[in-house]
Amino acid sequence: MTPLERAARALFEYEPGPYGGEHLAFHIEQEYGWRSCVDMAKIVLTAIREPSEAMEDAGAFAGDWNRDNLAIGEEAKTVYAAMIDAMLEEG
């Protein structure tokens, strides 16, 4: 299961409308189920494609890198954006 599918399933489960309750497992697999939430999940992933400064710091300094090396922060930002792009393309 791709991250995009997991996100769409989570959105459907969060607000299943009249399809929730004990029959959620059946309804989530129907055409109106999680697949109907894929576009919404893509919108959210696109919105978070640009990391915050705190996220860049966390990515850059996850290892034992020197805090003064700003290039690593840019590299972490590039990797994060590439991973989001791959999620969107993977579907």
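Predicted model: local features only at pLDDT ≥ 70, side-chain atom pairs only at ≥ 80, totals over all residues.
Asp85 is partly exposed, with a relative accessible area of 26%, where buried means under 20% relative accessible area, exposed over 50% and partly exposed in between (1.4 Å probe, protein chains only). Residues are numbered from 1 along each chain as its sequence is written, and side-chain values use heavy atoms, with hydrogens and water left out.

Asp85 forms a salt bridge with Arg49, a term that stands for a side-chain nitrogen of Lys or Arg within 4 Å of a carboxyl oxygen of Asp or Glu. Because Arg49 lies in the loop between H3 and helix H4 (53-60) and Asp85 in helix H5 (residues 70-90), the pair ties together parts that are 36 residues apart in sequence. Arg49 itself is partly exposed, at a relative accessible area of 27%, and its side chain also meets that of Glu50 in a salt bridge.

The structure holds four salt bridges, including these:

| Salt bridge | Closest N to O distance |
|---|---|
| Arg49 and Asp85 | 2.6 Å |
| Arg9 and Glu29 | 2.8 Å |

Glu29 forms a salt bridge with Arg9; Glu29 lies in the loop between helix H2 (24-27) and H3 and Arg9 in helix H1 (residues 3-14), so the pair ties together parts that are 20 residues apart in sequence. Glu29 counts as partly exposed at 38% relative accessibility, whereas Arg9, at 14%, counts as buried. Glu5, Arg9 and Glu29 are linked in a network of salt bridges.

The protein has five helices and zero strands, both being DSSP runs numbered from the N terminus (helices H or I, at least four residues; strands E, at least two). In helix H3 (residues 38-47), the residues Val38, Ala41 and Leu45 are buried. Seen down the axis of H3, its buried residues fall within an arc of 60°, so they line one face of the helix; the arc is that of the directions from the helix axis to the C-beta atoms. On the other side of H3, Asp39, Ile43 and Ala47 are exposed.

Of the 91 residues of the protein, 26% count as buried. Among contacts (heavy atoms within 4.5 Å) with a separation of 6 or more, residues 24 or more positions apart account for 55%.
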